[in-house]
Every structure is written in structure tokens, then in C-alpha cells.
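Here is a short report on one protein and its ligand. Please look over the sequence and the model before reading on.

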Amino acid sequence: MSDIIHILPDSVANQIAAGEVIQRPASVVKELLENAVDAKATSIDLIIKDSGKTLIKVNDNGIGMSDTDARLCFERHATSKIASADDIFSLKTKGFRGEALASIAAIAHVELKTRNESAAIGTHIILQGSQCQEQSPCQCEKGTSFAVKNLFYNVPARRNFLKSDAVEYNHIREEFVRLALVHPEIAFSLHHNDKNEYKLPKSALKQRIINVFGNTYNERLLPLNQESELVNISGFIGKPEAARKTRGEQYLFVNQRYIKHPYFNHAIGNAMEELIPANHFPTYFVYLEVDPAQIDINIHPTKTEVKFKEEKFIYSILRASVKQSLGNFNLGSQQIDFDNVSPIDFSYIASGGTPKEPKIFVDPNYNPFSSSKPTSAPIIPSSPFKNKKQNNEAWTKIYESIKENIPEEAIAHAQQSQLPLEEENKGNDNNNLPMFQTLNTYIIVHVKSGFIIINQEAASERILYDKFMRQMESKQAADVQKLLFPETLNFSPQDADIIANIQHDFILLGFDIEIFGKNTFILNGIPVGMKETNVQHLMEQLLESYKNNLISIRLSRKSNVAYSMAKTLSVKKGQALLAEEINEIVKQLFMSESPEISPCGEKICKILNEKEIANLF
Ligand code: ADP
Ligand code: MG
């Protein structure tokens, strides 16, 4: 047999290597932004077209490159950042592998313009599939500009695997935000399809967080500061009331790199456990500084997991620091020792102390995209009227069984509604309390053969959901109550995008809301009947629910708006109700097309008949 082994050409080898480094447009963004930071830029602009599929451009005002370097930077293992293997233990830069540009050049059209301070004239290079097509001198500002076009043009399989524009853009935004949060000393901007999404001037860290996530963060952040031999901790934690149902703003950095670390995440969550509601996640921006020798520095470029040598100690310090920070602001739990003056002394750890190992359960099979609802529970019909026939049948059945058993008076009462309870009771000899609330959570309706228990929150959600869907489908705007003082609402760019997207639905529901500059809206009016108090908070809850549904249950936009509104405005578990309110809920529920199932698939009511009651004994 003749020899069959040959060395792959560089362009092919680079293309294969690129598969590891560049998975999607956001990977290119990360590499180019990090290079700009490493080049000591003080201002970095990111320009994106079509979620990075057509264009990713990064302009920086950093040190730039010489003619030769400009050519060399696209070679594999070409780096200015380390010279020997030992250097990686004292690394100060983000990159060091010299792989990124070679990879990008193998799978996209790349254009580079660069000039270093000492040169009067810059260099312009055009590459395609790792091959230099053109190199010429050019006039340009000091610094570097990379334009990456037609990503994966020669790897169709990759291109086909890209997700929707919205998903890819979200990844890009996330990379941008992560870097912007580590370098508040650098000015950043992000343009997408000619829209200016972020303009972040150089600022202090807190102001940077506010510029990224919106003005409301001004009130929400508690500073975190702890120095010890092993680790320095700084940053901010969100006050407990800023906790979210989605795992949203949770940022952990080590030595200026974004990392994911479930164990440390647990330390922070654990410290705040008693202060935030169940199923909520704390908000945090936590920065750890450790000796590079303390972490496994040989991090894969695309990986965000990092191994620490002294994980358990850092866990304890982190947890205590968060408690301390909460305590300093008088929000803390009893476990905080208020007499202990900041900073806490952790020196005993270095001298060989062994703190108790905290336990953490990580479910390796956890899939955030699989719904946690019981599989038998129906998902909201995209329109309550679509399955009209089916719903009608189901409802007729339950309604008949209810009607059969409800004293005539109760039905009459339900239809008239708004009758004060005492008056209604006068004419009712059989049953002197046809309906009442118990445990501030359930409504009990007496029927001949037993009683119906109604979950008030689920019932209220169903009633409101139906109402909002009808309202949106009627295509006529609901009545608006004008606010005496229009409210200015500020949102993060991501939330502002969502609001702009559903603004029309909001108007149909009776909000008078208009866009007022970037990420800011003016609310002139709200739906008739809605309470005016703290509209910003209400809108945030609404958005929170909307985003949650985007992740957990796939709903049409309208259903999601209706459901999120219903969830936000519904009567809650634990809420004491007036007799009229009880009446209204029962009446409206009985008029609904699906009184048995709430919009998120929970059971709303249960009939306990004589037999079932007897079986209890
Ligand atoms: P690494 O960042 O791991 O060194 P890259 O392939 O990302 O590898 O970049 C190769 C080299 O090109 C860098 O080491 C740096 O010298 C140079 N370079 C890349 N981007 C820039 C930039 N924006 N400004 C100046 N030099 C850059
Ligand atoms: Mg790099």
C-alpha cells in the first residue's frame, strides 16, 4: 500500500480549529472585543448587522499594529501576549493562545485597518479563507478596526446551525455586556442594524451597571467589599427586593473574566436565602481577585468554567461578605453579627483552619428548557376561542354539574352580582352562606351535594386572561384612565426592546404608552380599573413574567402579553377578599369558557361531593 498520510494545508487546519473557537457570531464578538481591551483601547465601538451574520465590526483606539504584525496576526499561534509557557501563570491579558484571528480568517471575509502611534500611515489588509487578497497602506486613526463579513460563508453546515436572529443577537449582547461590566474605565458602544443600542461612557462601576441595566438599578445595589489573603471581593449585590424569577442579572468575574460557577453562585444565594422569596434569584455583580496561581489558568477560550484551588475557603468568605453587606445596610437576617466590624478577619483560614464544607446539589440532568409543570397539565391555548368547541363541551359538563347543585338563589345571586352578602342571605333559607373565603386563598361555594373549592388566584388569572385576550382580539383600544402626572419609565435595552415589540398590544389593553428616546417610555394613562401605585414596579413584574414565559412555555405574543398581565394583576393567594369580590370572581369564572383550568394549566376548582366527603371519614 502506498503512503496515505499528508499534512493538511493551513487553511484547512485553521478551518477545523475554528470550529472550536468560533461557534457563532457572539464568539467573534468576544474575541475581537477582548483583543481591543488587550490593546489598551480606551474606547471600543461594536457594529453589528443582521445579528452578526452579515457584519461584525470592532473599532478601537488601542496601540494598533505595525505592517508586519498586521500580516502576522492571522497566523496560527501568533501572539504578542506570551513568550514562554511560564508566562501564563502571571497573565494580565485576556488572550494568549494566538488562535482567534487565524480561526476567524479561515471562515469569514476579514478586513483589517490598523495604525500604531509611531507610524504616520496605517495598513489595510483584506483576507478571504485565510488567504491575503490585498495589503496596502492607508490613512486611518491610531488603533485597529476589524470587519468580519459573511461569517461561515464556506462552512454552510455551521451557518445552517445558527439560531434565529433574536437568539444570536442576544448572545452578542451578552458578550458585550460581560466585557463592559469588567471595564467601566473603557467607553463602549454597540450599534445593531444602525440602531444605537448602548452608549456607555467611561464611568465608575456602579454607573456602568446603571447605564447597562437602567436607572432603576440606582436604588437597588448594595456595595460589596472584602479583602483577605486569599481573595479580594468587590462589586454589588441587588437588594433582596431586586430578586428575579428568571436567573437574570447574575454576573461573577474572576480576575476580570466572566465565569460561571454554580458553587459560588450557591454561596451568594445561600447568604440571601431568608430574604428573598422562594423561586427567586438574587441579582449580583461580584468581582473576585485571586492570585493567578490559585486558579487553573489554562482556560479554553470559549469556556467560562474555572477551577479554583481553594474553593471551599472562597465559598465561606464570599457567603460571609454578602451577609455582611446586607447587614451593613440593615436588611440582614438574625445570623449577622452586627458587632463585628467590617472587614471580617479571614486570616485563620490561611493558617490551616477547616471550615465546614457547604453542601450543594447540582442536577446534571437539569434542562432549563423543559417545563417544570406536570406534563398532563394543558398549556394555554394560544387563543381561548380556538378550541371553543372542546372548551364548551368540557365547560358545559362541569357547569351542568355545578348548576345542578347550586341553589337557585346562588345562581341568581351570581348573575346579579354586587349584592351585599347580608341582603343576599336574607332570602336564602337552605343555605345561609352560599359562598365564602377560607385561608384567604380559596373560595368555597356550597352546593346541594357538597361544595366547590375554588383557587382564587388561578380563577382570577383565568378571568383576566380571557378578558385581555378578548380585548386584544377586538382590535379596539380599551378605555384609558389618564394619569395626573405622566410617568417616565426606564428600562434596560433588552426590556425596552420587548416593550417596543408589544407596545401595540399594550395600547389595545388600555395603556397610553409612548416611546421617549432610548430605553425610556412615557406612560400617560393606564387601563381603567388598574391601580396607579408604582407603575414602574408593575411594568417590571409584567416584563419578568413575559420573559419567563418566553423561556418556559412557548406562547404566541398575544397570549404571553395576556397571561403576563393576568399574572401581574390577579388576586393573589393570601389576599383577603370582600364579599362583593368573592361574588364577582365566582360569577365571572362561571361565565368563562375554561373555568376549570387556569391559563398556566393549574386546576381552578374542585367539587367535593357527598361521597367524597364521606370517604374522608
Ligand atoms: P491572542 O489574543 O490570543 O494573542 P489573537 O489571534 O486574538 O490571539 O490575536 C493575535 C495578535 O494580534 C495579538 O496577540 C495582538 O498582538 C494582535 N492584535 C489582535 N487584535 C488587536 C487589536 N485590536 N489591536 C492591536 N493588536 C491586536
Ligand atoms: Mg485574542
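## Helix H14 and its ends

Just after H14, Lys475 adopts a positive phi of about 60 degrees. This is a predicted model. At the start of H14, Asn455 brings a side-chain oxygen to within 3.1 Å of the backbone nitrogen of Glu457.

H14 covers residues 456-474, 19 residues in total. From first C-alpha to last, H14 reaches 27 Å, close to the 27 Å expected at 1.5 Å a residue. The helix is mostly covered, with 14 of its 19 residues buried.

## Thr441, in a loop

Thr441 sits in the loop between strand S14 (435-438) and strand S15 (442-447). Is Thr441 buried or exposed? Its relative accessible area is 8%. The cut-off for buried is under 20%, so Thr441 counts as buried.

A polar atom of the Thr441 side chain lies 2.8 Å from the backbone oxygen of Leu439. Beyond its neighbours within four places in sequence, Thr441 is in contact with Ile454, Asn455, Gln456, Lys573 and Gly574. Asn455 is also the residue whose side-chain oxygen reaches towards Glu457 at the start of H14.

## Thr520, in a strand

Thr520 belongs to strand S19, residues 520-527. Its relative accessible area is 13%, so this residue is buried too.

Which side chain makes a polar contact with the side chain of Thr520? The partner is Asn490, at 3.0 Å. Asn490 is also on the list of residues that Thr520 touches. Leaving out residues up to four places away in sequence, that list reads Thr488, Leu489, Asn490, Glu514 and Ile515.

## Helix H9

H9 runs over residues 311-328 and has 18 residues. Its span from first C-alpha to last is 25 Å, close to the 26 Å expected at 1.5 Å a residue. Like H14, which is mostly covered, H9 is mostly covered. In H9, 13 of the 18 residues are buried.

## The ligand site

Around ligand 1 there are 19 residues. Asn35, Thr79, Ser80, Lys81 and Gly98 come nearest. By class, the shell holds eight nonpolar, seven polar and four charged residues.

Which residue places a polar side-chain atom 2.8 Å from a nitrogen atom of ligand 1? That residue is Asp60. Backbone atoms take part as well. A backbone N or O atom of Leu101 lies 2.9 Å from an oxygen atom of ligand 1. For Ala100, a backbone N or O atom lies 3.4 Å from an oxygen atom of the ligand. Taken alone, ligand 1 exposes 530 Å², and the protein buries 92% of that. Helix H4 (100-106) and strand S6 (143-149) are the elements that give two or more residues to the shell.

## The protein overall

The protein has 617 residues, of which 49% count as buried. Its secondary structure comprises 19 helices and 20 strands.

Terms used. Residues are numbered from 1 along each chain as its sequence is written. Chains are lettered from A and ligands numbered from 1 in the order in which they are written. This is a predicted model: local features need pLDDT of at least 70, side-chain atom pairs count only at pLDDT 80 or more; totals for chains, interfaces and linings use all residues. Side-chain values use heavy atoms; hydrogens and water are left out. A residue is near a molecule or strand if one of its heavy atoms lies within 4 Å of it. A polar contact is a pair of N or O atoms within 3.5 Å; within protein, one must be able to donate a hydrogen and the other to accept it, and residues adjacent in sequence count only if both atoms are side-chain atoms. Accessible areas come from the Shrake-Rupley method with a 1.4 Å probe; for residues, only the protein chains shown count as cover. Helices (H or I, at least four residues) and strands (E, at least two) are DSSP runs, numbered from the N terminus. Ala, Val, Leu, Ile, Met, Phe, Trp, Tyr, Cys and Pro count as nonpolar, Asp, Glu, Lys and Arg as charged, and the others, Gly among them, as polar. Buried means under 20% relative accessible area, exposed over 50%, partly exposed in between (1.4 Å probe, protein chains only). Contact means heavy atoms within 4.5 Å. The expected span of a helix is 1.5 Å times one less than its number of residues.
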